[in-house]
Amino acid sequence: MTDRQPPMQDRTQVRRDIRRIKNLPTVPGIVAKISRMVENPETSASEVGRLISQDQVLSAKVLRMANSAFFGMSRKISSISQALVILGFEVVKGLVLTSSVFDMIQKSMAGLWEHSIGCAAASGAVATLLGRDDAEEILVAGLLHDLGKVVLALNLPEEMRQVAARVASGGVLFYEAEHEVLDYDHSELGQWLAEHWNLPESLAEPMRLHHRPEKAVLKPECTAIVHVADIIVRAKGFGNAGDLLVPPVSMAAWEMLGLRKTDFLPILEILEPKLASLCDITSIN
Amino acid sequence: MKRIPIDKAQPGQILAEKLTRHDGVLLAGQGSEITEGLLRMLGRMNIDTVVIEEEETRSAAEVEEEFRRFSEDLEARFVRIDEGSVLIALKKTMLYLAEKSRDETLALMADPAEGETGLPGSAAAPETTPAESPAAPSGGKSPGAPGAAK
């Protein structure tokens, strides 16, 4: 979507609603710890690996995602330190974050987790086609792009009900219904959450701007890829992002990526077997 | 093909992908049959999923019906997209892939032996249109080979 830059007064409305949110989702303690460790250049992969491995449930979830069709590893990743070496700090941190908020995503909206993993796989597919060497990081950005919807569903249930009712009446995209009901949308709640949690720009900007990717300045390509991936996974009808419609594409983002219409075929050919294989992480519990 | 948790795997199912131990050693090749012994071994090795060939349980009419429903749903999802949008190529490509998959399934039903050799898993180039399929039930309706749509 190219319009809908929210007018100034919306900011105060967002702030007012955010003040109403009593149970601020806290950044999972372990994610904060990893961030602090990674900031220190002396930190080794095995130290971070040891920290994550202390939580066996969390490690198991992270390893399950690392071994899923997402990454298409030919060999099984059997330890967190191996995942750190193969996938990198940022990706493992993203998977730890995802595992920590998995229950929240599942509880918030039926189909949103499936939409999220579908968007992650599609982000990975587009990034792969474009020959990006940071495909795994872009994939994690796709995984978390709709966290703002989780904040909405869990903290503003009455507004959420109204938005859902508006969508059910037909023809309206979820974020358009959000604007009608709230004067802002989940991308702004996502921005707030990203600031609150101190997430890196590679995750924060796609969360904030996946509906307005032409506004991205820090991670424009990553944001544009998540924007296109969101469209592709909605077109597939995989999962449920709150409505069942394909939103318009931002031509600025499309052209910046240098995509062509003929690229849809190879993207879908990469994506389809991945989606078929993602059943092993539709529930990572 | 379908990835399933190991506790859902049954002896007699066919592996659609080779199975390797965590260190890369081959346990069972692609196309081999799952046995009781293999399942016990996988249980001991903490391998939690396998990829199997899906058995076709649908009738030809059901395959057709499923495709018809798919294209209806696809149209409904694209209702907000203008005819001039690049996303129309996305819709056409998805329709093309669905038609191809339907035609391959129907061809396999008509002649299973023929189908065995024509199961490359991933699709052929778009130039090989579904027209070469013996089952082409949609008559002259071209899916609009997406490659043509620049």
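Colleague: Is Cys119(A) buried or exposed?
Modeller: Buried means under 20% relative accessible area, exposed over 50% and partly exposed in between (1.4 Å probe, protein chains only). Cys119(A) has a relative accessible area of 0%, so Cys119(A) is buried.

Colleague: Good start! What kind of model is this?
Modeller: Residues are numbered from 1 along each chain as its sequence is written, chains are lettered from A and ligands numbered from 1 in the order in which they are written, and side-chain values use heavy atoms, leaving out hydrogens and water. Local features need pLDDT of at least 70, side-chain atom pairs count only at pLDDT 80 or more, and totals for chains, interfaces and linings use all residues, the model being predicted.

Colleague: Which cysteine has the sulfur closest to that of Cys119(A)?
Modeller: A disulfide needs two cysteine sulfur atoms within 2.5 Å. The closest cysteine sulfur lies 10 Å from that of Cys119(A), too far for a bond, and it belongs to Cys222(A).

Colleague: What is the relative accessibility of Cys222(A)?
Modeller: Cys222(A) also has its closest cysteine sulfur 10 Å away, in Cys119(A). Cys222(A) counts as buried because its relative accessibility is 7%.

Colleague: How many disulfides does a search of the whole structure find?
Modeller: The sulfur of Cys119(A) is too far from that of Cys222(A) for a bond. Over all chains, the number of disulfides found is zero.

Colleague: How are α7(A) and α14(A) oriented to each other?
Modeller: Helices (H or I, at least four residues) and strands (E, at least two) are DSSP runs, numbered from the N terminus. Helix α7 (residues 112-129) and helix α14 (residues 220-236) of chain A pack with axes 8 Å apart at about 120°, using axes fitted to C-alpha atoms over the stretch in contact and angles from 0 to 180 degrees between N-to-C directions. Under 35 degrees is roughly parallel, over 145 roughly antiparallel, 65 to 115 roughly perpendicular and the rest oblique. These helices, α7(A) and α14(A), are therefore oblique.

Colleague: What is the relative accessible area of Asp183(A)?
Modeller: Asp183(A) sits in the loop between α11 (174-182) and α12 (186-196) of chain A, and its phi is positive, about 75°, although it is not a glycine. Asp183(A) is partly exposed, since its relative accessible area is 40%.

Colleague: And what is that of Asn198(A)?
Modeller: Asn198(A) lies in the loop between α12 and α13 (201-209) of chain A, with a positive phi near 60°. Asn198(A) is exposed, at a relative accessible area of 61%.

Colleague: In what order do the elements of chain B run?
Modeller: Chain B has four helices and four strands. From the N terminus on, they run β-β-β-α-β-α-α-α.
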